[in-house]
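Please have the sequence and the model open as you read.

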Amino acid sequence: MHDPFRLDGETALVTGGTSGIGAAIAVLFRDRGAEVVVCGRNVDRGKAFEAETGIRFVAADVTSEVQVSAAVAACGRLSVLVNNAGPTDLLHTRSVDGPVGEMTPENWARLIDSTLTGAYLTTHHALPLLTAAGRSAIVNISSIAATQAMPGFDAYSAGKAGLEAMTRSLAAGYGHLGVRANAVRVGSIRVDHGDGERRRGVEPDPRPDAWRRPEPPKAGAPEDVAHAALYLASPASAYVTGVVLPVDGGLQMRSLMPWQTARPGD
């Protein structure tokens, strides 16, 4: 019996694919039969990843159109695109994002470029190859920040919301050419970028009454996101396009209506 989760004969490009969520996606796609190419900015890490996994690495910063164009061309052919690259390093410093009224236009542009414009550039240059494949898939890695209010992450939230909107537009505009476009909305994921474990996504509020709900969901693993990406990239989801799949351990369910969060006596 044919396994609909196999990617035999597919060629995939995973941006930001040398660590964390991107690396987990790349390895799983390889194990499921795809020819995988990853790109990233950190050349040393990329070469080490290539040596360890046998997955081809191409150096590219997704905010540079010249580098993106070269990375896509290096694939030769393409039937799966995973837009995973993002401003992880900028967010961890907490010195770039912030409230709109406090952040500089330069920092706003840096975050929007790495969160949204990079996905546009990669998709723009990949679409000729994706449409030529006859049947292809785009998987965009979004964040719960696209829909949940996150004070202090204004640019990141705006970029991820834009990415989800672009996903729906791609699905509607290129479906007749055989391109499916979907997104994974990530919650709190524990990742390691080579300098210790960190969480990517929303950190559950440690205050016991912050959400007036049971224990906050534990952080997921990169593999949790990878399996969702595999589903959306594979023939198993052939009838699925234009959707955003939450992979957040139920985090989004903890934003309830006022009457659901009220304590007795309020």
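**Cysteines**

The disulfide count for this predicted model comes to zero. A disulfide needs two cysteine sulfur atoms within 2.5 Å.

**Helix pairs**

Two packed helices are described by the angle between their axes and the distance between those axes.

| Helix pair | Residues given | Angle | Axis distance |
|---|---|---|---|
| α5 and α6 | 105–132 and 154–174 | roughly 20 degrees | within 8 Å |
| α3 and α5 | 65–75 for α3 | about 30 degrees | 9 Å |
| α1 and α7 | 20–31 and 222–233 | about 50 degrees | 8 Å |

**α5 with α6**

The axes of α5 and α6 cross at roughly 20 degrees. That angle makes α5 roughly parallel to α6. The crossing is right-handed. On the α5 side, the contact residues include Trp-108, Leu-111, Ile-112, Thr-115, Leu-116 and Ala-119. Further along α5, Tyr-120, Thr-123, Leu-127 and Thr-131 take part. The α6 side includes Asp-154, Ala-155, Tyr-156, Gly-159, Lys-160 and Leu-163, as well as Met-166, Leu-170 and Tyr-174. By class, the residues of this contact are 14 nonpolar, five polar and two charged.

**α3 with α5**

Helix α5 also packs with α3, at an angle of about 30 degrees. How does α3 run relative to α5, roughly parallel or roughly antiparallel? The angle makes α3 roughly parallel to α5. Their crossing is right-handed. From α3, the contact uses Glu-65, Val-68, Ser-69 and Val-72. From α5, it uses Leu-121, Thr-122, His-125, Ala-126 and Leu-129. The classes are five nonpolar, three polar and one charged.

**α1 with α7**

Helices α1 and α7 pack with their axes 8 Å apart, at about 50 degrees. The angle makes α1 oblique to α7. An angle under 35 degrees would have counted as roughly parallel. The crossing is right-handed. Which residues of α1 meet α7? They are Gly-20, Ile-21, Ala-24, Ile-25, Leu-28 and Phe-29. Their partners in α7 are Pro-222, Glu-223, Val-225, Ala-226, His-227, Ala-229, Leu-230 and Ala-233. This contact has eleven nonpolar, two polar and one charged residues.

**Ala-171**

Ala-171 lies in helix α6. Its relative accessible area is 11%. Buried means under 20%, so Ala-171 is buried. What does Ala-171 touch, not counting residues up to four places away in sequence? The residues are Ala-181, Thr-241 and Gly-242. Ala-171 and Asn-182 are eleven residues apart in sequence, and their C-alpha atoms are 7.4 Å apart in space.

Methods: Residues numbered from 1 in each chain as written. Predicted model: local features only at pLDDT ≥ 70, side-chain atom pairs only at ≥ 80, totals over all residues. Heavy atoms only, no water. Axes fitted to C-alpha atoms, helices over the stretch in contact; angles between N-to-C directions. Helix = DSSP H or I, 4+ residues; strand = E, 2+ residues; numbered from the N terminus. Parallel < 35°, antiparallel > 145°, perpendicular 65-115°, else oblique. Left-handed = near helix turned anticlockwise from the far one by under 90°. Contact = heavy atoms within 4.5 Å. Nonpolar A, V, L, I, M, F, W, Y, C, P; charged D, E, K, R; others polar. Buried < 20%, exposed > 50% of the residue type's maximum accessible area, 1.4 Å probe, protein only.
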